[in-house]
Amino acid sequence: MDKLELLSLSCVVLVLLIVVVLWRLVLVYRQQESLCQFIKNQHDAGGLHIGTAPQNLLQVQQLVTQLQQQLHQAEHDKLTGLGNRLSMKRKLAELMPLKQGCLVLLDIYRFRYVNDLFGFSFGDELLKQIANRITANLPKSASVARMNEDEFLIYYPIETTETELSNLVDNLQKTYTVFDSPITVRLQLGHLGLARFHGDISTILRRLDLALKKAKQLDINIAHYLAGDDVVQLREISIINSLAKSLQDGELYMVYQPKQNCHTGSCNQVEALMRWKHKTLGVISPVEFIPLAEFAGMIEMVSQWVLDQVVLQQAKWRKAGIKLQVAVNISTQDLKNQAISANIQARLEQYQLPANALSVELTESRLMEDVDTAIAAINTLREIGVDVAIDDFGTGHSSLAYLKYLPVDEVKIDKAFIEGLDSDEHARHIMGTSIKLAQGLGFKVTVEGVETESIRDIIILMGVDKIQGDIFSKPLTPTELEVRWPQLCANVTSR
């Protein structure tokens, strides 16, 4: 991330923090205005008279008390009585620059399941007991705040040792008694040493969150922020921030990988693949930026752009006499958009393309997350005549249980099944069985990731319908495909 982007991000965070503070204190300001107006009215009426002084002083005292109460409520968690995120940020801001001590972010492992299983009253009581135990285990100089539902932030003015952190976790993981029921919880924490990793509030809180994220990813109780831990996050932020503009500037483009029809040896289908050559980050793989786009809520924008590019290219190819089907990968989030089929149909009609000009590929592992929604969406796609394929077949969970219900036309066997195929009898048995299973259910079968002639020969003997991989063709730009089209569409069964 360059300095300008980092400065812009810091400004956005600062603006959001200011908005939150103003919103939380708006009632306080109104009360202050009320107090000032009260004094002004008294002054306009001729001053504060001796006879009414006790009553006036009582009104002033009530207003001051209300202000104090509202200030306390604005900066404290109602359930636990601890300070909240706003109060902790204010305290840290007052102590800046923070160059000693440490910050600890505690997370209750899978606390949501406590609420789901026992109810919110039980969960609230457990949170209060955890908060009390945290406070009881802290030195007087330390500060603690409840940051959200299941996270607590602790500031230690003096750096803690690994032993002290372990003792804290052990104490908090001892059995609690909630409504006469014993319960234990698991705590995970992220630690940030301020002597080495000081910075502004946004930076230190982001790094602290990264330390906790590391603890969760490694499935350990305690993780420390180390130099370089935020490199990946800064890269991800840069990718997300530049995605929309990169689409407009033409940094993203489509390539097409031909598939070989094993019955004829020719090509009648290609898969559309995204490529991104970032001006500063270089080549970015879809494996990296597509999940980020999904997480950031930008996947619909990306999918619409892909559909526009593919349909436009198909129209050009049809006009040039190149007739093939283009397979497009769409996100399972797109399936939740009820207008997805109508959008595809509108594009096909705009360019006067038949429905079979497109095929939609859906990743199996993501498909299984919401089978009912997927089935409904697949049915609407097939109603308009678009073929549907399951990508990365064999990598999903419980796939065999639902496979017979999925109204798809094709399955693509993941390249992971190719490993050892030419030397391992078990691998060949798994591949052969998978092909027979899919074809027995009426699906066409494509095997992807085929890179050698020996693997291609084995798979063809097993009766696969299509293969995809470098042995037949690498991904091609539209121009490259047009040049190679006579060779690709020729009958090469004899090869």
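**View A. Helix 5 meets helix 6 in this predicted model.** Start with two neighbours in the chain: helix 5 covers residues 111-118 and helix 6 covers residues 120-136. Their axes come within 7 Å and cross at roughly 135 degrees. Who does the touching? From helix 5, look for F111, V114, N115 and F118; from helix 6, pick out F120, F122, G123, L126 and L127. Sort these residues by class and you get seven nonpolar, two polar and no charged ones.

**View B. E410 and the residues around it.** Now hop over to strand 15, which runs through residues 410-413 and includes E410. Is E410 buried or exposed? With a relative accessibility of 6%, E410 counts as buried, since the cut-off for that label is under 20%. Which side chain does the side chain of E410 make a polar contact with? The partner is T446, and the distance is 2.4 Å. Setting aside neighbours within four places in sequence, E410 is also in contact with a list of other residues that includes K259, Q269 and K466. V388, A389 and I390 are on that list too, along with F443 and K444.

**View C. A cis peptide bond between M96 and P97.** Zoom in on the link from M96 to P97 and check its omega angle: the value is near 0 degrees, and the bond is cis. This is worth a second look, because most peptide bonds are trans. To find P97, go to the loop between helix 4 (85-95) and strand 2 (102-108).

**View D. R110, a residue with positive phi.** Here the thing to look at is the backbone angle phi, which is about 50 degrees in R110. R110 is not a glycine, yet its phi is positive. Most residues other than glycine have a negative phi. Where does R110 sit? You'll find R110 in the loop between strand 2 and helix 5. Its relative accessibility is 54%, so R110 counts as exposed; the label takes a value over 50%.

**View E. D219, another loop residue with positive phi.** D219 is not a glycine either, and its phi is near 55 degrees. This residue belongs to the loop between helix 8 (201-218) and strand 8 (222-224). How exposed is D219? Its relative accessible area is 47%, so D219 is partly exposed.

Terms used
Residues are numbered from 1 along each chain as its sequence is written. This is a predicted model: local features need pLDDT of at least 70, side-chain atom pairs count only at pLDDT 80 or more; totals for chains, interfaces and linings use all residues. Side-chain values use heavy atoms; hydrogens and water are left out. Axes are lines fitted to C-alpha atoms, for helices over the stretch in contact, and angles run from 0 to 180 degrees between N-to-C directions. Helices (H or I, at least four residues) and strands (E, at least two) are DSSP runs, numbered from the N terminus. Contact means heavy atoms within 4.5 Å. Ala, Val, Leu, Ile, Met, Phe, Trp, Tyr, Cys and Pro count as nonpolar, Asp, Glu, Lys and Arg as charged, and the others, Gly among them, as polar. Buried means under 20% relative accessible area, exposed over 50%, partly exposed in between (1.4 Å probe, protein chains only). A polar contact is a pair of N or O atoms within 3.5 Å; within protein, one must be able to donate a hydrogen and the other to accept it, and residues adjacent in sequence count only if both atoms are side-chain atoms.
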